[in-house]
Amino acid sequence: MTENRHLSLCMIVKNEEDCIERCLKSVEKVVDEIIIVDTGSTDQTVEICQSYGAKVYPFSWNGSFANARNYGIEKAIGNWILWLDADEEIAAEDRMKLKDQINFPEEFDLLTAHLINYYGDTPDPNNVSQISQVRFFRNHLGMKFQNDIHETLPISNRDRVGTLPVKIYHFGYLNSYVDGKGKSKRNIELLKKQVELSPDGWMCFYLSMEYYRIKELTDAFNYVNESIRLFLGQKSLPPSMVYKLKYAILIDLQCWDEALEGIKRVVLLYPDYVDLWYYMGFILYNKEMYSDAVKSFEKCIEIGEGNLNYYSVKGVGSFLAWYYKGLCLKNSGRKDEALSCFQQVLTIYESYPPALEAISELTGEGQI
């Protein structure tokens, strides 16, 4: 390979023997070196990494994921760096595509990939969230991660950011990973310390997310509101995913009136964010405002799900929107139109259980 085609994988790990091999298998033929920063594994993680030719560097954990990542970057010699977590993998169909495109365009210093997060009990392609996220960056330009937790690269409007058509699957939000590793408790402790030291809109958002995951909704709501207050205090529009989280919490709390009052304004701030329109439709549906809800779900279908600039749940611009439109029509007495909607769901997600049940109910099939 030419020097310009040299790609380094940089990772930080600790006790990842249950998933690290899947990750390394997905990249072993497309990266030129594997840099592993181990923060204290006591299982077979290090041995597994070494079996894939990785250079493993021990790192005394100091409470900062950014410090650990930056330590790995210092060891990398590649012109480009790919960063992954142990519970991720490069999609099989994109691996050779990545190898063919390692000679990245000169006009970019950072490249995004298509991140797909599985959630629930098992990996299900219809039960995911997705977003475009920077995962490749040019080495030797002084780029460093920031923040002790939820570490990020500081990217400004001046940075040259492109897109690489590569999918990364993330399994870390599956229930077995979250429950088994106690990540929420660890993350809450780290985030609270950081918020106490330096209140920040993003850190309050991440803290709200952790409380939301464990369904401590009062704390989640308080911190998401604090996040919005901090962003506004800096004369900055709160990011779209902050508002998405706020209305997800209000929906779980079933605060329909409060949620509807606010989300009507928020969809105007982010008119192409399909998840917010879906939430508005869902709120209207629960308020039995079916005609208005149908309009919201039709807006979701119109927008679709191709905009990876937003953190979005699969289905809100397709089968979920069609399903709830069908429910609204069914509850309005428009059964033939409702049946058509439920059948449309099955053209997208052919085994979607709620749609199958709704069709059975409307047609009388399966009844004794």
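Residues are numbered from 1 along each chain as its sequence is written, and side-chain values use heavy atoms, with hydrogens and water left out. Because the model is predicted, local features need pLDDT of at least 70 and side-chain atom pairs count only at pLDDT 80 or more, whereas totals for chains, interfaces and linings use all residues.

**Overall architecture**

- The protein has 15 helices and nine strands, where helices (H or I, at least four residues) and strands (E, at least two) are DSSP runs numbered from the N terminus.
- With a radius of gyration of 22 Å, close to the 21 Å that the globule rule gives for 368 residues, the protein is as compact as a globular protein of that length; the radius is taken over C-alpha atoms, and the rule is 2.2 Å times the number of residues to the power 0.38.
- Taken along the principal axes, the box filled by the C-alpha atoms of the protein is roughly 65 × 45 × 45 Å.
- Of the contacts in the protein between residues at least 6 apart in sequence, 67% join residues at least 24 apart.

**Surface, burial and charge**

- Of the 368 residues in the protein, 52% are buried; buried means under 20% relative accessible area, exposed over 50%, and partly exposed in between, with a 1.4 Å probe and protein chains only.
- The accessible surface of the protein comes to about 17,600 Å², and carbon and sulfur atoms account for 48% of it; such areas come from the Shrake-Rupley method with a 1.4 Å probe, and for residues only the protein chains shown count as cover.
- There are 39 positive and 52 negative side chains in the protein, and the centres of the two sets lie 3 Å apart; Lys and Arg count as positive and Asp and Glu as negative, while His and the chain ends are not counted, and the place of a charge is taken as NZ of Lys, CZ of Arg, CG of Asp or CD of Glu.

- Tyr-278 touches Phe-297, Cys-300, Val-316, Leu-320, Ala-321 and Tyr-324, when residues up to four places away in sequence are not counted.

- Val-166 lies in strand S8 (residues 161-174) and is buried, with a relative accessible area of 1%.
- Although Val-166 and Ala-91 are 75 residues apart in sequence, their C-alpha atoms are 7.4 Å apart in space.
- Phe-171 also lies in strand S8 and is buried, with a relative accessible area of 6%.
- Leaving aside neighbours within four places in sequence, Phe-171 is in contact with Arg-22, Asp-87, Glu-89, Tyr-118, Pro-123 and Tyr-177, whereas its C-alpha atom is separated by 27 Å from that of Trp-277, which is 106 residues away along the chain.

**Partly exposed helix positions**

- Tyr-71, in helix H3 (residues 65-75), is partly exposed, with a relative accessible area of 23%.
- Glu-298, in helix H12, is partly exposed, with a relative accessible area of 36%, and its C-alpha atom is separated by 7.3 Å from that of Ala-321, 23 residues apart along the chain.

**Loop residues with positive phi**

- Gln-254 is not a glycine, yet it has a positive phi of about 60 degrees; its place is in the loop between helix H9 (240-252) and helix H10 (256-269), where Gln-254 is exposed, with a relative accessible area of 55%.
- Glu-288, likewise a residue other than glycine, has a positive phi near 60 degrees; Glu-288 lies in the loop between H11 and helix H12 (290-303) and is exposed, with a relative accessible area of 59%.

Methods
Contact means heavy atoms within 4.5 Å.
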